[in-house]
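Subject: Structure for you to look at

Hello,

Here is the structure I promised. Please open it first, then read my notes below.

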Amino acid sequence: MRIQNLYSNPQKDFSLVYAVGNYIKLSLDGYKCEELLVKSENAEIKSNENCQLVLIPKQKDFITLKFYKNEQNQEVFITEEKIKVRENVEMTPILEYRHQVYKSKISLKDFYPKHSKISFTTTDLGCLDFNRDSFVKKYNILIQKKDGKLISFENIGAKIIPEAINEMKDLEVGDRMVFHNIIFLYGDKSKTIKVQPLEFEIIN
């Protein structure tokens, strides 16, 4: 039995993420995927088109998948497999504009605060079924003007709040922005994690 991340090559050390939908594609030697019925007592399974599944693990460490084939209206057991489950993914914070990630120096002509937001990257993004915005709880924005003036905002959610956007419209070369106290939800969203701040210099 092989598990394939939909957006990468097959991985030998594949693991699912607890309490989050994981998009995967399964294959079993000698069987067509449409012939297989997959069940699990410790994961919710949602079918998808093109022989894809969404697995939501309900326990940590391992889940067990059981494979059946439908023969003459009877479910015939074929095999079972254990798959590793971990509690959360590593979240690296980013400031992005429509999937374009801002670097440490932001040009005034390329900065669009109205459509920008705090998000995160993860190596598991290709197989996870989630809205990344919903995992961003809050963060603080500090604008450091080149004359020494400090302006701060508390931001709830991923997108930059209107009050901060209005202030960012007046950014000048030499100003700096710091996004700090970034809090992400993870796993089943019952826990939070604080990640490192992001700092940006405004250039021409």
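**Salt bridges**

Arg132 forms a salt bridge with Glu96, and their closest N and O atoms are 3.8 Å apart. (A salt bridge is a side-chain nitrogen of Lys or Arg within 4 Å of a carboxyl oxygen of Asp or Glu.) Arg132 sits in the loop between strand 13 (128–129) and strand 14, and Glu96 is in strand 9, so the pair ties together parts 36 residues apart in sequence. Strands (E, at least two residues) and helices (H or I, at least four) are DSSP runs, numbered from the N terminus. Both Arg132 and Glu96 are buried. Buried means under 20% relative accessible area, exposed over 50%, partly exposed in between (1.4 Å probe, protein chains only).

This is a predicted model: local features need pLDDT of at least 70, side-chain atom pairs count only at pLDDT 80 or more, and totals for chains, interfaces and linings use all residues. Residues are numbered from 1 along each chain as its sequence is written, and side-chain values use heavy atoms, without hydrogens and water.

Glu201 and Lys105 also meet in a salt bridge, at 2.7 Å from N to O. Glu201 lies in strand 18 and Lys105 in strand 11 (residues 105–107), so this pair joins parts 96 residues apart in sequence. Glu201 is partly exposed, at 26%. Lys105 is partly exposed too, at 48%. Shared partners join Glu96, Lys117, Arg132 and Asp133 into one salt-bridge network. The total is eight salt bridges.

Ile160 is in contact (heavy atoms within 4.5 Å) with several residues beyond its neighbours within four places in sequence, among them Leu95, Tyr139 and Phe179.

Best wishes
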